[in-house]
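Please examine the sequence and the three-dimensional structure below.

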Amino acid sequence: LQIWCWSCHNGAALLKMSAFPKEQDDSTSQMQKAFLDGIYKTISKPPYELLKMDDLSSSLPSLQDIQTAYTRFKQLFLIDNSTDFWATDVKWFSLLESTNWLEIIRRVLKKAIEVAECLEIQHTNVLLIEESATDLCCVISSLVQVMMDSYSRTKSGFQSLIQKEWVVGGHCFLDRCNHLHKSEKEEAPVFLLLLNCVWQLVQQYPPAFEFTETYLTVLSDSLYVPIFSTFFFNSQHQRDTNKSGESLKTQSGPFRFLTVWDWSVQFDSKAQAFLNNPLYAEKPKPDKSQRKTARFKHQRQLSLPLTQAKPSTKRGFFREETDHLIKNILGRRIGKFINSSDEPPNSLREFYDSWHSKPVDYHGLLLPRIDGPEIKVWAQRYLRWIPEAQLHGGGTIATAAKILDLMEEVQSLQVKMDEERSQAVSGDVHSVPMLRNSARLSSLFPFALLQRQSVKPALPTSTWKDLEDEDDLVKRDDEFVDLTGDML
């Protein structure tokens, strides 16, 4: 059964479907053959809409390849001593390339661009096919929506996207993250792959996103915190069953799972401020006069072509959508299937170059740059514990803190100007309270807080004098110091 994911502003739909099982008995094989024959007979007659089927199992790396690449990639950041550090540092780029992790990110982004071209330029419906339609289908469908729908680039929109495509969509978080450490065969960092791809877009087009890379880093960390039900179960049914099951009841009552979206569980208000992008180019709201004259539907409100405007409340949203889609496929509207090999070989490149030659619309379509060194390492997630990044009152965290200070100052001045105009409150507009002191923030903030004395990460460090004498540094053991003591 095809599942509707999203519809473009021009009506082209993005769908996903699980593939037919390879090993079948005779009766199931005959039913599959009859089903496909009926579709092909229907699509052989014009006029019809276009539909492209894309089998992600053959066009993208397998889950095993993704897991292998990520395991090699992680080893670059798990260094035990200074000897291994210098051995890795000498051939860092060659080792990074050999992991194939960045190449997988590049291929996934390229596939998302191909789907975006079909929806935006060719006005073609795209059907993503995978064995279970809950892994790579979720990655591509989520990326396409982030690239094409500006609402998915807001905090609330991205949260809704994750809930829809991954949590309710049935991604096997329990198996893919191997939370129970039962079997490594099913383990694969699929959701982390999505976050890595979204990070590429965030660092290339910062004003287009309401959230920051810190938001993505915190989300990736929360993936492996088993107290959150959001990323712990394989399906919505399993989640509901365990929440109401007798096995999880304790002496004080039933066990209550937390949701990952409640950031106050992990961070105070000061740390949560770094999840919001102060330079986000918010979409301007139209004037009241424009609202009355023209009311355009948001592209997220558009459904499949020729579906009813108001779905039946009794039957449910997804039932209504899929029923109309089945009617289209089996009888009236769907045209012919287009294979990737039938497309002009340079169409994707022309689409890619043409878009990048124009000014960027932060509220429109976003295409990631995927050539050469444009695909980068997610430094904040993988390199945040490196000693050189631990700058007291410096580094990227100090820059972000200063921007937040300036934004608060601007907002405070705006409030005082409004008060002066209304003559409601009289005050000195020159006295602006500074709510933050960036000099007291470490580059590890908000992942390591100064006031938490119980958390004392021991990190390898060395002096500048040691760095000047490389041979001596390689021969000696690492020195470990208390990071909290250094920062205080």
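At 11% relative accessibility, R384 counts as buried, where buried means under 20% relative accessible area, exposed means over 50%, and partly exposed lies in between (1.4 Å probe, protein chains only). R384 forms a salt bridge with D221, and their closest N and O atoms are 2.8 Å apart. A salt bridge is defined here as a side-chain nitrogen of Lys or Arg within 4 Å of a carboxyl oxygen of Asp or Glu. D221 lies in helix α11 (residues 213-222) and R384 in the loop between α17 (379-382) and α18 (395-422), so this pair ties together parts that are 163 residues apart in sequence. Helices (H or I, at least four residues) and strands (E, at least two) are DSSP runs, numbered from the N terminus.

This is a predicted model, in which local features need pLDDT of at least 70 and side-chain atom pairs count only at pLDDT 80 or more, while totals for chains, interfaces and linings use all residues. Residues are numbered from 1 along each chain as its sequence is written, and side-chain values use heavy atoms, with hydrogens and water left out.

**D221 and its surroundings**

D221 counts as partly exposed, at 24% relative accessibility. Leaving aside neighbours within four places in sequence, D221 is in contact with R381, R384 and F447, a contact being heavy atoms within 4.5 Å. D221 and L192 are 29 residues apart in sequence, and their C-alpha atoms are 9.6 Å apart in space.

**Other salt bridges**

How many salt bridges does a search of the whole structure find? The search finds 11.

| Pair | N to O distance |
|---|---|
| D221 and R384 | 2.8 Å |
| D54 and K111 | 3.0 Å |
| R349 and D371 | 2.9 Å |

The D54 and K111 side chains meet in a salt bridge that links distant parts of the chain, since D54 belongs to strand β3 (residues 49-55) and K111 to helix α6 (residues 101-120), 57 residues apart. D54 is buried, with a relative accessible area of 3%, and K111 is buried as well, with 6%.

The salt bridge between R349 and D371 joins helix α16 (residues 347-356), which holds R349, to the loop between α16 and α17, which holds D371, so the pair ties together parts 22 residues apart in sequence. R349 is partly exposed, with a relative accessible area of 41%, and D371 is partly exposed at 33%.

Helix α7 (residues 136-148) has 13 residues and reaches 18 Å from its first C-alpha to its last, close to the 18 Å expected at 1.5 Å a residue. The expected span is 1.5 Å times one less than the number of residues in the helix. Why is α7 described as largely enclosed by the rest of the structure? The reason is that 13 of its 13 residues are buried.

R239 is found in helix α12 (residues 236-244) and counts as buried, at 4% relative accessibility. Leaving aside neighbours within four places in sequence, R239 is in contact with V167, S229, T230 and F233. R239 and F257 are 18 residues apart in sequence and 9.8 Å apart in space, C-alpha to C-alpha.

**Cysteines**

The structure holds 0 disulfides, a disulfide being a pair of cysteine sulfur atoms within 2.5 Å. The sulfur of C172 is 9.4 Å from the closest cysteine sulfur, in C138, which is too far for a bond. C118 is buried, with a relative accessible area of 1%.

**The chain as a whole**

The protein chain contains 21 helices and 9 strands. Of its 488 residues, 42% count as buried. Among contacts in the chain with a separation of 6 or more, 76% are between residues 24 or more positions apart. The accessible surface comes to about 27,100 Å², of which 54% belongs to carbon and sulfur atoms; such areas come from the Shrake-Rupley method with a 1.4 Å probe, and for residues only the protein chains shown count as cover.

**Confidence in the model**

The mean pLDDT of the protein chain is 74, and 65% of its residues reach 70 or more. The pLDDT is the predictor's confidence in each residue, from 0 to 100. Over residues 325-344 the pLDDT stays under 50, and the model has 46 contacts beyond four places in sequence for them. The pLDDT also stays under 50 over residues 427-435, for which the model has 13 contacts beyond four places in sequence.
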